[in-house]
Amino acid sequence: MSALLQRRLLVVTGKGGVGKTTVAAALGLVAARAGKRTIVAEVAQRGDVTSVFDREGSRPFEEVQLAPNLFHISIDPQDALEEYLRDQLPSGAVAQVLIRSKIFAMVAAATPGMRELLTVGKLWELAQMNRRTPGADAYDLVVVDAPATGHGVAVLSAPRTFAAAAGGGPVARQGKIIDAMLSDPEQIAVIAVAKAEELAVTETGALRGSLKERMGLPLERVIANMLDPDRFSPREATRLRARADHPAVKRALRGHQRALRQRAQLARLRKLTGQAPARLALHPGGPDLERLADELEEQLS
Amino acid sequence: MTGDIGERLEGKRICIVAGSGGVGKTTASAALALGLAAAGKRVAVVTIDPARRLADALGLDALGNEPRMVDPAVLEPHGIEMRGELWAMMLDPKATFDGLIAKLAPDAATRDDVLGNRIYAQLSNAIAGSQEFSAVAKLYELDRDGDYDAIVLDTPPSRNALDFLDAPDRLTDFFEGRALKLFLVPTGIAARVMGAGTSVVFGILKKLTGVNLLDDVSVLFRAMGGLIDGFRERATAVKALLADPATTFLIVASPEREPVAEAIFFHQKLREARMAFGGLIVNRAVVLDDDERADPDAIRAQLRDELGDALAAKVAQSAQDLQLLAARNAEAIARLTSALDEPDPIVVPRLDGEVQDIDGLLLLYRHLAGTG
């Protein structure tokens, strides 16, 4: 864990419905507990982590403190663009004109990779020791709740793509600087969340390949989420089968079968990613962040 | 738990299946289409990204952007007597959008100008919501040309349900917008004044990004000009189709926080857009029979002698977990039924094993039809 927490950026990605947002929040909590000033940055546009954390009445693009050492921001490309223009242009008035210009908005939206670049630019800004945002304090760690698997890599590779496509100019220069951070395994780690299910496991394997290919990065850790308890030994299962007429025993046996299928998928996951996944249990009463953070501390140490 | 999906879809020709990612939309769509086809209808199912194994199971490995009939011989060994026809396709959003451009373009040169443009792909993604628009555009084409009794559309894994409902509107807005008109009026005082503003904007953009987009954008927009009427017509037709009395939306959710929130959000948007809500499917719910709700301590006591206390305690623990999960699922379902004003959702229990073959689809359909 400590090696993970030494990084500046932890990027959490995974297929839809695997609990990526919850895991990102729990990772943020782990880091905060370890004394790191941490911000969880959500890239999708709805306030998901905030509803996990219960963040009230604030504008999404603001950095809001949720707990000791723990902050949250929701990154919207439009907000990031406005911030960028205000930062880059000599006069606020010119920036305002551009921000209000429909043509500009349209062209910015149509510029290849611009949205992703703006998003990732803000992530980079959050991870700087000397923040560009006036008066903003530095964070020790930025935990990114990234978009679903496929798009996640597109976001990370945006600065590289952009710098290659653009002839020159400040954005291309900045793109190179950002890319240097995003492709430096000392500073960034990508973490995949998966359920022990066929499709999620397959996607995680594919992610490993595309990360390597497009960013030269390893898939740092894999977290298998929402696992059913694997309770019974083969001997116990045999003893249970003799009492399968009892409804609770019958259900327990079905649960056992489920656990066995998940075990097989975990083996696939291990094989496809070349590492033993960390394992988070399904919480029957609903995900409990503090407990998930406990489990992560134990598993990732 | 009640309610036959077939009955609910009576008189509906188009069924759009919506919900957040990972809730089983694709399998629900496929199962629904299979069931309707078996019952005698000529059905097309349009999916976005089916699990490889599911596509393989249907013999659809080499899927193009046009529907292909699933061979009844593939289904027969599973006890399915196919009285209708099942057609399936996997949507290729880019191919669909490109195809539309090609169809609407007045000539080959215009078509090539647009399709070959450096920022065309980006533009279609960023502004038109290409995937959403492609999905409904395909739906429209299939409905017009395909002679199907029913079309089931699995929606794109869009985080924002609005994208889907809005797609036709946004496309028309875009084409009728001021920005586009600017590029379409190459002469005149207005153009020169506006044009100056435009070049300033592009100038700053170029300075910042180092990308000179002005030429690309101008070429693209001039070429698009010839397509405006066609696009407007198409967007209007698609919108009419979405609001047609024969079109209905099914919302799929799993009983967890995020999918429930998305389902409620989408339902609200449907209502605002005055589109038909055809029903709620709660997928993968843990539902217990009465005899599975026994007190865990009682279970432990009952089984202690035979299994020994340690094993009996484990069984009791697993019953307790399951009861907790079932209670949480029931809460989520209650929240959904009240928010969606749908007292009678179709609840599909969490099945043993993933649905990735024909038997799985059949089982799923039986639950949808209330005979599971």
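The model is predicted: local features need pLDDT of at least 70, side-chain atom pairs count only at pLDDT 80 or more, and totals for chains, interfaces and linings use all residues. Residues are numbered from 1 along each chain as its sequence is written, while chains are lettered from A and ligands numbered from 1 in the order in which they are written.

**Exercise 1. Find the edge strands of the chain A sheet.**

Step 1: Start with the strand order, which is 3-4-2-5-1-6-7-8 in an open sheet of 8 strands with mixed pairing. Strands (E, at least two residues) and helices (H or I, at least four) are DSSP runs numbered from the N terminus, and two strands pair if DSSP finds at least two bridges between them.

Step 2: Look at the ends of that order. Strand 3 (64–67) and strand 8 (278–281) of chain A each have a single partner strand, so one side of each lacks a neighbour in the sheet.

Step 3: Check a pair inside the sheet. Strand 6 (residues 188–195) and strand 7 (residues 219–227) of chain A run parallel and are joined by 6 bridges, with Ile191(A) opposite Arg221(A).

**Exercise 2. Work out how helix 10 and helix 12 of chain A are oriented to each other.**

Step 1: Take the geometry. Helix 10 (residues 198–215) and helix 12 (residues 247–273) of chain A pack at about 10°, their axes 9 Å apart. Axes are lines fitted to C-alpha atoms, for helices over the stretch in contact, and angles run from 0 to 180 degrees between N-to-C directions.

Step 2: Apply the classes: under 35 degrees is roughly parallel, over 145 roughly antiparallel, 65 to 115 roughly perpendicular and the rest oblique. The two helices are therefore roughly parallel.

**Exercise 3. Trace helix 16 of chain B from its span to its place in the core.**

Step 1: Helix 16 (residues 309–339) of chain B has 31 residues and reaches 45 Å from first to last C-alpha, close to the 45 Å expected (1.5 Å times one less than its number of residues).

Step 2: Turn to the largest nonpolar core, with 104 residues; Val315(B) and Ile151(B) are among those with the most contacts inside it. Such a core is a set of buried Ala, Val, Leu, Ile, Met, Phe, Trp, Tyr and Cys residues joined through C-beta atoms within 7 Å, where buried means 20 or more other C-beta atoms within 10 Å, C-beta atoms being placed from the backbone.

Step 3: Helix 16 of chain B supplies the largest share of this core, 10 residues.

Technical notes:
Buried ≥ 20, exposed ≤ 12 C-beta atoms within 10 Å, placed from the backbone.
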